[in-house]
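Have the model open as you read.

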Amino acid sequence: MTERSLAAPPRLLGTRLTRRIRSLGGLLASLALTFLGLLCITFLIGRIIPIDPALAIVGDRAPAHVYERVREELGLNLPLWQQFFIYVGQVLRGDFGTSVLTGRPVLEDIARVFPATLELATLGILIGVIFGVPMGVVAAVHRDRWPDQLVRVIGLVGYSVPIFWLGLVGLLVFYAKLGWVGGSGRLDFFHEGIAPSVTGMILIDAAIAGEWDVFRNALHHIVLPAALLGYFSLAYISRMTRSLMLEQLNQEYITTARVKGVSEARVIWVHALRNILVPLITVVALSYASLLEGSVLTETVFAWPGLGRYLTNALLAADMAAVLGATIVVGLVFVGVNLLSDLLYRLVDPRAR
Amino acid sequence: MSETLSTAGWRAWLLSERPQSALQARLGQAWLSWNAFQRNRLAMLGLALILLLVLVAAFAPWISPYEPNVQNLRLRLQPPGAAHWLGTDELGRDILSRIIHGARITLYIVTLVVVIAAPIGLLVGTVAGYFGGWVDAVLMRLTDIFLAFPRLILALAFVAALGPGIDNAVIAIAITAWPAYARVARAETLTLRRSDFIAAVRIQGAGAFRIIGRHIMPLCLPSVIVRVTLDMAGIILTAAGLGFLGLGAQPPAPEWGAMISTGRAYLLDQWWVATIPGLAICLVSLGFNLLGDGLRDLLDPKRRGG
Amino acid sequence: MAALLNVDNLQVAFRGPRGEVPAVRGVSFSLGREKLGIVGESGSGKSTIGRAILRLLPDSARVTADRLTFEGQDLLGLSPRALRNLRGRHITMVMQDPRYSLNPVLPVGDQIAETLRVHGAGGRGRELYRKVLDILEAVQIRDPERVYRAYPHELSGGMGQRAMIAMMLIADPRLLIADEPTSALDVTVRRQILSILDDLVSRRGMGLILISHDLNLVAGFCDRVLILYAGRVVEEIEARNLHACRHPYSRGLLASLPRLEQPVGELATLQRDPAWLDGPVYRFGEEVSR
Ligand SMILES: Nc1ncnc2c1ncn2[C@@H]1O[C@H](COP(=O)(O)OP(=O)(O)OP(=O)(O)O)[C@@H](O)[C@H]1O
Ligand SMILES: [Mg+2]
């Protein structure tokens, strides 16, 4: 790659670089704006809540002047826009408040539970990509014939099934009846605490420590929820792959490849697939981010101690600081994944370089 | 014999290459679309499933064998059988009757969400697309912000603030649903805005909002309807998810998601309590997805006639 | 002269929602090591003929012929494997617009090398690289090494079409079908591309089918011309006798060409006659009752 850019005339390289930086700046600015908008929404949600935060702290029997003082300390008597600025400042400093439920700073809580979600979602997206992309390709190649219909139905069912229900059914069948997989949680009780936590992701931690029993047990536990999440991303990925492929297969360069005598397999898996790689990155990024959403319900079903379960527990306890903190983090991950996919896009597509 | 002749006459009239009136042309077009749609067996299945949902919801009190909320603790957790086709739940209530009445809740939720969200999306999208410039920039930035949140999580945050309950769930889902429709309506408006006939209307001196309301919105409707249909399953699933978490419809309402949630405790020994409401959700959202998919194929000119 | 390609009564119809639509109706011709032009208006079926020879038409096309052979080999009966062997190596095609006919995400040189590689010809590594550079030089590209590494969007239209020609000629095919190879290009580079084609085709003793809607171009370039109307060859004629063509459609085409001695304002527009669909056709000035 460096060889190629060196080959380009230096002046061209210069203008290209500045253009790239400028468009990157625009992208960052728009992402920052989006994030500010996210904060605006969470801020407003925090204000429409019927619980009076000051009252919640002092209790309803406190004298009026105590109540007033607490209100002042919380900044509740300031105008709304000022409160918003204070709020943004706090969030930027990583101060999401303290969770009522755990009594710890929300950020600390999130840092603790996030690796579990990351591990689950990453495995899920891997499954989704490994199965979804080939399925989409096959569907496009056999357009309107039975493989296409089959992939279509598999995808539509994925769009139609409640993920928490499928999780329950999965537990019933594969855990309770067949005993093929581990039950809820990340590990069985007697494997806990053996591998020291380095990354927070048990599969990796166990591999680092060389604790293969723990690794196997963790795999046993994660495979069902990850397969579920994988199925849901597969539904989206296979469908998008199919339509992207259909578009490419009608292109003239495909005919060129056939004219050269390139085998049909190579036409499809090299010529056409290379061309959808770029938009596919965006598709995968989007579905990776939406796995966070799926994880809220999945983690609840599988008692998976990740961000999703943290969020639902906080919800049920009306722990607003934790709810909003987790929401912001999810939004941030969304924005970050978008940025990442855009950067990858520039890296992979020769036309964007 | 004469009947087949007359239907042949009708078809000829509908498919005439030289329609005598706009009505004939439009009916002919509709007839062709319906024909193409009919050939899509999956889409017809979807349509049938949704009709079934509507009928069941409409006639719930008459077709359900028991009262949905009447408890009978002596008959709790009965497996599916002759008396209770789909068994009974932990309070001895007939699951079939609860599913039938739950259809009403589902229909109530999707209808209300669509009634709230679709007009907002349509308005925002057409206005943004028609005016362009900074109006477009501001409105689209706003929709992007909403789209930047995973839908369920935003809905959860709203419900957490508003308090649990079916109406708050509807509001929360509607708040998360409109941006997608706005996007579709905007894209459609952008192509329409430059068309000659809009220019002609503008020359006649029609005001911007009149043009949007009378000319652009009706033409955006088909795409928005397809998008909404495809979205229905998502709405149902989000509502069910909220119900499952205890944030949607409250007991004893026979909401399907909430029914799964209570059945969860009996999953291992009485599988039907949690499983059957889930099947109902699957069928209904599959119906909407199949229908939406068929409609999309129909609207997509690249696939038309193929 | 032994015929390279024999086409006898070629018929192509596309299956559509309202039944089959014929696109090519009974086309016959044969081709040796010569340059044959196919001319006709848009939609007359020129590309369809070219694609039928290479078996590139989609499944929705029904292709039949009394005879469709290349060097005695029946093209319609070829197995997929034999077909792959034939394409690129024996028969190739240059398409209209290099902006679409080159794969946008692969370096041009790799795409050219691929033609050799899929046929197991041309060795590997440096040897293959050298061969690609040679053919790039043969199509008069001055800095072949840069072009080798370039992506299609980095090349101009003329350069892209040269690369396309290089890709199609590198495996020494015996028949080249050029489907409007210059109509997407700037007027200034059209002649260059044509002369490159002409040069290479004559030097290698290949057969060439040049498809075009530009009668002028074909007349100056080819040995023989087929004039196609609605999927039918209405006239076959030596290019040098074109001025003496007899079919009213050919005469109309000729008359609608701009000429120096004629003011542009008086260009005749073609009047079409439904009788041409099945009427008499002409071969080398003779009427043929079909
Ligand atoms: N894949 C296809 N499906 C259906 N009809 C087709 C297909 N390809 C070509 N046709 C039809 O066949 C006829 C001939 O098309 P063809 O592309 O061969 O014309 P052409 O002479 O090459 O025209 P042009 O000068 O525009 O390239 C046209 O009427 C066209 O609509
Ligand atoms: Mg053509």
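## Contacts to ligand 1

How far is an oxygen atom of ligand 1 from an N or O atom in the side chain of C:Thr48? That gap is 2.4 Å. C:Ser42 also reaches in, with a polar side-chain atom 2.5 Å from an oxygen atom of ligand 1. C:Gly43 uses its backbone instead: an N or O atom there sits 2.8 Å from a ligand oxygen. On its own ligand 1 exposes 630 Å², and the protein buries 58% of that (Shrake-Rupley areas, 1.4 Å probe).

Before going further, a word on the ground rules. This is a predicted model, where local features need pLDDT of at least 70 and side-chain atom pairs need 80 or more, while totals for chains, interfaces and linings use all residues; side-chain values use heavy atoms, without hydrogens or water. Residues are numbered from 1 along each chain as its sequence is written, with chains lettered from A and ligands numbered from 1 in written order.

## The shell

The residues around ligand 1 (a heavy atom within 4 Å) include C:Phe14, C:Lys46, C:Pro58 and C:Glu180. The shell splits into 3 nonpolar, 6 polar and 3 charged residues, with Gly counted as polar. Helix 1 of chain C, residues 46-53, gives the most, with 3 residues (helices are DSSP H or I runs of at least four residues).

## Cysteines

There are 0 disulfides over all chains (a disulfide being two cysteine sulfurs within 2.5 Å). C:Cys245 is in none, and its nearest cysteine sulfur, on C:Cys222, is 15 Å away. C:Cys245 counts as buried because its relative accessibility is 3% (buried means under 20%, with a 1.4 Å probe and protein chains only). B:Cys220, at 0%, is buried too.

Definitions and conventions
Buried means under 20% relative accessible area, exposed over 50%, partly exposed in between (1.4 Å probe, protein chains only). A polar contact is a pair of N or O atoms within 3.5 Å; within protein, one must be able to donate a hydrogen and the other to accept it, and residues adjacent in sequence count only if both atoms are side-chain atoms. Helices (H or I, at least four residues) and strands (E, at least two) are DSSP runs, numbered from the N terminus.
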